[in-house]
Amino acid sequence: MIEVVASMARGPVFLAGELMECLITFTNPMSHLSTSASSEMLAWASAQIHCQFHASENRVALPTRGNKQDVQAESDTVLIPSRGERGQCVLDTPPKILFCDLRLDPGERKTYSYSEVVPVDGPPSFRGQAVKYVYKLTIGCQRVNSPIKLLRVPFRVLVLQGMPEPPFPQDEEVSPSNPFLEEEEVSRRDARPLERALDMLMVTTSRRSPHMFNITNTRGKVAKFCIFKTVYRLGEEIIGTFNFSEGDIPCLQYSVSLQSEEEIQDQYQRRPGQAVSVTGHGRHLESCLHTASSHFSLPIPLNVTPGFSTDVVALRWRLHFEFVTAREPMEAPTVLQNQAEVTIWAGAEHVDVDTFSWNLPIKVLPTNPALASYVSQFTGTNRIDI
Amino acid sequence: MYFLTGWPRRLLCPLKSEEEPFHIQPSSQRFYFALVSETQISIWFSRPSVLIVSYIESVKAAAQFGFYQKAEWKPDDSMIAVATAKGYILLFDVLGGGDEKYLYEPVYPKGSPRVKVTPGYKEEQCAPALSLEMKKPVDLEAPITSLQSLQENLLVCTADGYLHVLHWDGQGSNGRKAICLTTIPFSLDLQSARAGPALDLEGVYICCMEYCVTLDGFAVVLSDGRLGFITPLSNTIIADQLQGVWAADVSDGTCVAVNNKYRLMAFGCASGSVLVYMIDTTTGSMQLSHKLELTPKHYPDIYNKTGAVKVICWSPDCSVAMVTWECGGLSLWSVFGAHLICTLGEDFAHRSDGTKKEPLRISSMSWGAEGYHLWVLPSNQGRRRKEEHSMEEDSPPHPFLRAGILQFHFIKSALTVNPCTSNQEHVLLHGEDRLYLTCGDPTQIHSTSDAHPHTHLHPHDGSPLHQPAHPDSSLSQGLSTLLGHKHWHVVQIHSTYLESNWPIRFAAIDTAGQCMAVAGRRGFAHYSLFTRKWKLFGNITQEQNMTVTGGLAWWNDFVVVACYNFTDQQEQLRLYQRSSNLDNAFASVTKLHADTLLLNVFRDMIILFRADCSICLYSIEKRNEGLGQSASVELLQEVSMSRYIPHPALVVSVTLTSVRTETGITLKAPQQACTAESIMLNLAGQLIMLQRDRSGPQVREKETPAINKKLLPFSPPVVLAQCVENVWTTCRSNKKKRHLLEALWLSCGEAGMKVWLPLFPRDHRKPHSFLSRRIMLPFHINIYPLAVLFEDALVLGATNETVLYDGLQGSSEPLEALFPYCTVERTSQIYLHHILRQLLVRNLGEQALMLAQSCAGLPYFPHVMELMVHVVLEEEATSREPIPDPLLPTVAKFITEFPLFLQTIVHCARKTEYALWNYLFAAVGNPKDLFEECLMAQDLDTAASYLIILQNMEVPAVSRQHATLLFNTALEQGKWDLCRHMIRFLKAIGSGEMDTPPPTPSTQEPSSTGAFEFFRNRSISLSQSADSISTGKFNLQKTFSMPTGSSPKGADCPENMYIDMMLWRHARHLLEQVRLRDLGCFSAQLGFELIGWLCRERNRVARVEDFVLALKKLHEDFLWPFPVIPVGSLSSPLKNGRCRPVLSTQLLKSQSADSLLNSDMDTAPPLAVPMNHTWTDSLGQRSKDTDTASSAHSNQNSPQTYDAFLSLVTNKVEEYSIGSATDLTETSSMVDGDWMMVDENSSTLSLSQAELEHISMELANKGPHKSQVQLRYLLHVFMEAGCLEWCVVIGLILRDTNVIKQVISFLDNPEVPAETVQSIRKGLLAVDTWASSDSLGYKPFLNLIQPQLQHLMESTSEQVQPEAFQPATQSSKLSGSDGLGGATAPRAEDSRGGAAPLGLTLPALEPAGGYNRTPSEDCPSEQSEVQGEEEGTYDCTLS
């Protein structure tokens, strides 16, 4: 038996364009003292990143598949990473061979490092109601005369769409370079896309640009709403303030929901004009009858998918507001002191109300993948025994 | 702990009125708030925060009673008492609380598509309808100063010095008592003789009073500002049964608030400080516990200008106090005085443009339910506006305004109400509707730190891609992300649960930090981070029939709750499994006999503290029952504590721990370390420990069956510490970090933290009898601790941060402009240096060492060490008085125990002022010695840091000498950055300081922290080349002016010359040792002009003495595999392991070993290698015609060589020119193209299996691409410099016939020295010999260049002196036989691997026709094809 453990040290979340590194350790778990111990052989192992796409049959109409065979002969040395997976493989990186002919003596352990740039042009990991994009690192290994065994390490990919392309190959901008200088710079260059992406994220999401909205319905002014920015990173809190004191119509209650809309692009819709699927990700509900001003803060969960669009699906984010307002405008009664009789004011038992809703589109962008790793459902580590 | 969050919410009274409320009084459960204005009392509901009812007095009654002043609720919320200015108590009945009438119930239009926003809205989002009805007023005939509800009584203080006791239901005066203050005896303590009534109390009255249940007495502030405490001596309050004590020396008291849980009395003073008193239980005197004061350090402009303390409010859970002053502002303090928030500074007090804001003045405030809100009545604002209005227009003298109330929001640590063990390594905060937890799981970090050593443990496992440094960096990165980022994971509490059970009372998180549980008014709910789902009771009745009373905790997969069951009317202990549905059917229920107040879990034990002051221990056991699991609970032990606990409400927390006073026992049996050894009880801030009594006859565990093992009784309690807010212990054990894991950590408010550290005898010796087993060490930290990461030696906490949002919305003055937005940020702190220092102070160096060694693996350990030196240094070096027993030498000695000593000292020095250096180095040793130690330890970077010190403390000659030393070492080790710095450093010394006296400190920048910033800033006037050095670009110098050019420069600056000399020497050294790769890096990194130098050294050190050795060395250096021949064709050398296909195993072999190997293997005599002219292009030539000017220039140095090159260039047509990177890459791509060719050819030619294998092996054994590029680059450099021998060696390793051919063709040139030709010839012969015997893989290539070799033999034989023939003749002698073998050997064998030793085939035998004869053979034919394609010179070269 050989135990294969694949582990992504940095965590299971990556930004597209980032270099993913995975340490794959092959261990012969037998103690070298045990009598039955013998050395183990593996013919080869190779690793490859691929993205599986899966669409719900009753929402997405996909063109009939090509003649791509999803069959893999058991004894063949052909690695099809998506073998046995649902859906289709929309993206894969070239396989990299880790080794050929590995021999492990009892108790011996060898570690290989697989590194690959997560493709920039792929979709983000997404688990929607109609469409799923799932990224996996698949490590295939084969013993001589045995079927290929696949070890899958699912991971999450965040895509920062609209990232400006780097100004062409980085090497060229540092024209004639001495090949002896390269060594140190390679590592530096690897970190660059991530840094650039994070810089850009910070710049776009830390800019404050307050937007004011006068919330009115058919009967009059309800509130004034202010939101300080409309572009957010994952994990940030959306903060908005309400001012009801200037409204004419009393508002009994408001709620703000963070929602994502998943829309199938026209040409793939199963039924023309089919509804957009809306998913809620958090809600703030507040009674605001005698409230002059208030605010809400809605956290954007770290595990949701930032807005994106592919040729099949588009994901957009919005804030969905609902207001329960009185039907009659209510002028605050004036209480006069020094009346002859005791006055007792009590609130109304019933209020005739209407409900109104309103949507405000916002943008949700990825965040530092290291941060997202902490709450990832994946562990970034997986193992298999061969 | 409490943290302010967001903005305050502003409520607006729906009624317009000319009055403004000035007093707010919460009902006992804080669900209702009574607001009092002059003639009006209003009742607000807490959630939703709406006005329920408002009672406005008639003019007649108002005139009779006077204005309203204060209000007080009856404990059952059924009545309100209002005190009026003219000495009346007005009692109001609050009606309607019970019946099902609600206010503001929304009525949705019929047919509305959305009827309700939330299910259950009607019941939960509406306020109950109440009404107020006045009962008969009670006239007390004097102005009322204080009002206090006391169960069935109402205590009223009046300005005539009386204390009235009224019965809530007492109609009329029959239930009324009045006690005159002057009859109460006061003294400084209760013991001193029963002093008679104090005579100085005439005319003095109680102006503020509060009753403390747990102290059973009244804290009073008298009208003359004195503070006192009055206790009834019997159960009822009777005039002559009262006794008072004074607080000594205070006469400016203004207000008081008591803390029932901690038995504290907080008195506000006119000076602005709050004095917190406790009662000494033995003497009964008032003792000052601590003060709450703003420090001048943090609030320089306001600390003494706050005015008198106006209101003090303890939070409902008694863990914090909110204080406000006359001038306004809010400040929040923990129970023992840790300062948390103050709104008088920073963003609260200043706008973003720096202007000051008017502080918020507060007339009254009150905490809301569970402390999530603070209701604040702002004062003056309305009045100020009134004044403005009245000034503008006189017509409405009293404009009607809607009064505002501010609601500040707080989040608090789960520990404040539910201090259970499982919360202790995670920071869990809860707000009104959400949970905040620390992102990132410390245990995850542990696991990686545990996991990573395996990669270190097998450094020789031979995995090619092994990166040992990597896990370390990822670990530290992981930890720094964990600690560095300030994100919280925010979980919103399920709205359905929240709406029906608001407010949340308890929250708990499991040990892994993955599952949380919350409990509100009724029932509870839990959440899993993994599924991201809440689990609620499926059956609402079940939820509503229980209420959590004693807290909740996680035990493995179970939620443990102590609750009250309303249907059975009994107290129960329940365990619910997380994975099953939340339903009583899956719960294990144990009946309890008394109300539970606290609950905790330790390993498999539950500990309960009950209202009858007893502690119960239960064991939990998991059971598999059918489908699911369940837990069974069994009572183990019951310990009555009523003797020690005066009031059950005083117990803050109860914990089982494995802590014992004697560590000796745990030392003997470490597996027992985690048994429940003691109970820790926090009794009103006093930490009490009850240990298991082991003094009795010990029962051997073996003898008693484990099941009915009788648990040991507990010994009497011992007080460990005072003023304790929180306690942390762990039940985990780790032998390596016993100090940290077996310690007890305490947070003590303003006193910081304390650790009760175990002391272990070293090496398991018998403990010294005089050495105590534990030691309590206090240390200060700057954060409020919320969790202790035991293994990581870290404390996690949180602080309030503020963000200003003003200036965004113009002039409308919304709240955003008045207040900053508050957020809570996580913080963390290391504390190890404090503890180590304390141990050293106490002469416990051995313990300190053990502790430090256990933590030496932490990523911030160097930082800890540095901090320790720094703190001690700053303290002792800046001390005014001489220190009798300085600690610094001890600290220095301590750190020498660690390998990072040198580094620590220099880093610390560099972060300290220059003025302190003398003191520092007097203690730690001479910097020169330390520098030398660094060099010995090969720690060059640290040595470089010391150089700065030396430079400042020593004469230039010394620092120069040391710098030179370091420079040479850095060169040797290839620390290029350091080399560049050293060059600059040396030049800087040379540029100005050669003959000047040592620099005075004042001219230096002593506090510069950056290593070489100092030198960078200094003008390096003379060294233009220094700039080019740092550019780090490929700068192939075509001009060979450097050697000559540098001499005039050197005349100006001896330093430059000196540096050049060193560089040349190093280059020579590298070349002598055949370290081409190092030479390449050296030249590239330091901008060393290799070509020029090589030109000069061409006939000296740039010669190759031993081709074979050089070749092997290159293979090794460039990770270039030796060529391999197919296994089938020749097996013996492979099988006996002498010929290794992969070189990596030899990487670490020293050169001497290598040569030893050579002599071993080179058994065969040297043989000549025949060569062919296949390729006529030359790499070196190409560059020549691109840059004739430069080569012409270069002629000055070595004219003959370049003439020769020029002559050869002319007939070659080359597309690309060497000398730019592009052509280097083209070269490499050309080589890549070779591969393709091989592939194509082999496929078309349908080779045999063996041949295919051969090709594939050839391919597989090509070195890394980068090495190839580097080799090509070096080849070019050598070509250019005319070092032909080296060209041959590189040509060989690259197996590039072109190169060999080209070089050999150069040899024809008469300018080439004869010895070069000779040397090449000899070298090639040696290589051939070696290849035949030891590296058969080379044979095919050597065969390939046979024509060239042959040509060389021919040409040299003519030119070279007769002696030079010696090897040749020798070889020809031998070749006779071999040649025969070669001739007879089958063709295929020849070409494939040179299986037969036919390398020495004589020119006559194999005259260049090898290819013609074997057109089917791979290499030659393919290469000739390439030749044919690329240039039309194929024919002529062949001929």
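A polar contact, as I use the term here, is a pair of N or O atoms within 3.5 Å, where within protein one must be able to donate a hydrogen and the other to accept it. I am working on a predicted model.

**Entry: the two domains of chain A.** I looked up the domain assignment of chain A, which gives domain 1 as 3-159 + 370-385 and domain 2 as 211-331 + 351-365. I then took the centres of domain 1 and domain 2 of chain A over C-alpha atoms and found 40 Å between them. Each domain puts residues into the contact: 22 from domain 1 of chain A and 22 from domain 2 of chain A.

**Entry: the interface.** I noted a buried area of about 1700 Å² between domain 1 and domain 2 of chain A, with 59% of it on carbon and sulfur atoms. I searched this interface for polar contacts and got 15 residue pairs, both residues at pLDDT 80 or more. On the side of domain 1 of chain A that touches domain 2, strand S9 (131-142), strand S10 (149-158) and helix H3 (369-373) each give two or more residues. I sorted the residues of that side into 15 nonpolar, 4 polar and 3 charged.

**Entry: salt bridges.** How many salt bridges does the rule find across the interface of domain 1 and domain 2 of chain A? I found 1. I also looked up Glu57(A) and Arg270(A), whose side chains meet in a salt bridge at 3.8 Å, N to O.

**Entry: aromatic pairs.** I searched the whole structure and found 58 aromatic pairs over all chains. Tyr32(B) lies in strand S3 (residues 32-37) of chain B and Phe45(B) in strand S4 (residues 40-45), 13 residues apart.

Terms used. Residues numbered from 1 in each chain as written. Chains lettered and ligands numbered in written order. Predicted model: local features only at pLDDT ≥ 70, side-chain atom pairs only at ≥ 80, totals over all residues. Heavy atoms only, no water. Domains from an automatic or database assignment. Contact = heavy atoms within 4.5 Å. Buried area = accessible area lost by both parts, 1.4 Å probe. Salt bridge = Lys/Arg side-chain N within 4 Å of Asp/Glu carboxyl O. Polar contact = N/O pair within 3.5 Å; in protein donor to acceptor, adjacent residues only side chain to side chain. Helix = DSSP H or I, 4+ residues; strand = E, 2+ residues; numbered from the N terminus. Nonpolar A, V, L, I, M, F, W, Y, C, P; charged D, E, K, R; others polar. Phe/Tyr/Trp six-rings, centres within 6.5 Å; stacked < 30°, edge-to-face > 60°.
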